Amino acid sequence: MTSLPTLSEGSAAPKQAPLDVVKYYSDLLAKPDPLPAPIAAVDTLAELVSRCDSNTIQELLNLLRQAGTSLASASFNPVACDSGTSFFMRYLTLQRPPPEMSFVEFKKKLVARAREFCKGSGKCRELIAVNMSDFIQDGSTLLVHSYSRVVVQALLYAAQEQKKRFQVYVTESRPFGLGIKTQAILSQAGIPTQVILDSAVAYIMPKVDAAVVGAEAVCESGGLINFIGGYGLAIAAKAMGKPFYALAESFKFTRLFPLSQYDLPSSLPTAPLTFSSASSETTSTDSPIPPTPSRPMINSPMPSPLEMSDAATLNNPTLDYTTPDLITLILSDLGTMTPSGVSDALFTQYGGE
């Protein structure tokens, strides 16, 4: 990378307490209405810039790279975090401030622009909601996966602003049950919504007109990284000839090109679903075999379900990769595009890097 010109130091900025980037980022995501992970990452780096005492762009770049690495290694989902840090770093490297501007002034300008971007990020979802309304027809039935802010906002816009009538099936989305939140929001808005078991996706697919999902990240290939189950839903939709729409803000576009499910970045010490000594201990031959839950008669009470242990749940993946051949269209704030259009959008943003 070509080094950028060094700005004059100007007057020294007042020293502030050093920023714990991991804690700051974690606190942003722990709020009742948290920021999207990429936006939280941008906000965290902006806060770091406002507090740091770097005097050259090279020092600042090194500091931000170290912060980005720390955030990714501490994140359960490093992909979404990397999308935000890469976006911020690219913006910084494109800056060409005038030589007479002091470095303190440059950092203030950088922070102000970043925070302005974070504050306006919600407009991306508004644009997507407007675009998506053209694909929701009166009387249609949709299948939605898990919980996604942009998908929920698009459905609410179609129902409340466009006065369209439709009904929604939503996957339960184990292990966190995120589909329950989607069902609660849509039901409060008067949209008929039914939660289905994750294992019932293929069963219900013939009854729906389209499948709609959000995304944790959109890869350069046009594929999606999404909460586990999205890939299986896309396969079922393709097999039954149903359109599969993905809704994602452009700040989730990332220069990642996975070739399989097992190429996704992870900060976990071991790959999901590995046979380790720890997992063997949880299924010791000494463990009692539980009785079979059953409900033989209509009037029989619901049995208590068998549940996976926390260790077994942690050994399972939480993300999967939906290949671009299964996706009908991707709707973003940049417009409606086919999966191949994502690489063009990323080339526009990152150039030939």
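Is tyrosine 245 buried or exposed? At 11% relative accessibility, tyrosine 245 counts as buried, because the cut-off for buried is under 20%. Keep in mind as you browse these close-ups that the model is a predicted one.

**View 1. Phenylalanine 135 and tyrosine 245 make a tilted ring pair.**
Searching the whole structure turns up five aromatic pairs. In this one, the ring centres of phenylalanine 135 and tyrosine 245 are 5.1 Å apart and the planes sit at 55°, so we call the pair tilted. The two partners come from distant parts of the chain, 110 residues apart. Phenylalanine 135 belongs to the loop between helix H6 (122-132) and strand S1 (140-144), while tyrosine 245 is in strand S7 (residues 244-247). With a relative accessible area of 26%, phenylalanine 135 is partly exposed.

**View 2. Phenylalanine 176 and phenylalanine 227 form a tilted pair too.**
Here you'd go 5.7 Å from centre to centre, with 50° between the planes. Phenylalanine 176 is in the loop between strand S2 (166-171) and helix H8 (178-188), and phenylalanine 227 is in strand S6 (residues 224-227), so the pair ties together parts that are 51 residues apart in sequence. What about exposure? Phenylalanine 176 counts as exposed at 53% relative accessibility, whereas phenylalanine 227, at 9%, counts as buried.

**View 3. Three phenylalanines gather in one aromatic cluster.**
The members are Phe87, Phe117 and Phe251.

**View 4. Strand S7 has buried side chains pointing both ways.**
Phe244 and Ala246 point one way from S7, and Tyr245 and Leu247 point the other way. Whichever way they point, all of these residues are buried. Helix H10 (residues 230-239) lies across S7 as well as S1, S2 and S4, and runs at about 145° to S7.

**View 5. S7 has a parallel partner in S4 and another in S9.**
Strand S4 (residues 210-213) runs parallel to S7, and three bridges join them. Look for valine 213, which stands opposite alanine 246 of S7. S7 also pairs with strand S9 (residues 329-332) in the parallel sense, over three bridges. There, tyrosine 245 stands opposite leucine 329 in S9, so the tyrosine from View 1, whose ring pairs with phenylalanine 135, turns up again.

**View 6. Seven strands line up in an open sheet.**
Read across the sheet and you get the order S3-S2-S1-S4-S7-S9-S10, with mixed pairing. Strand S3 (193-196) and strand S10 (335-337) are the edge strands, each pairing on one side only. Neighbouring strands are turned by 25° against each other on average, ignoring direction. For an antiparallel example, check out S9 and S10, which pair over three bridges. Serine 332 stands opposite glycine 335 in S10.

**View 7. An open sheet of three strands has antiparallel pairing.**
Its order is S5-S6-S8. At the edges are strand S5 (217-218) and strand S8 (319-322), each pairing on one side only. S6 and S8 pair in the antiparallel sense over four bridges.

Key. Residues numbered from 1 in each chain as written. Predicted model: local features only at pLDDT ≥ 70, side-chain atom pairs only at ≥ 80, totals over all residues. Heavy atoms only, no water. Phe/Tyr/Trp six-rings, centres within 6.5 Å; stacked < 30°, edge-to-face > 60°. Helix = DSSP H or I, 4+ residues; strand = E, 2+ residues; numbered from the N terminus. Buried < 20%, exposed > 50% of the residue type's maximum accessible area, 1.4 Å probe, protein only. Pairing = 2+ DSSP bridges. Axes fitted to C-alpha atoms, helices over the stretch in contact; angles between N-to-C directions. Contact = heavy atoms within 4.5 Å.
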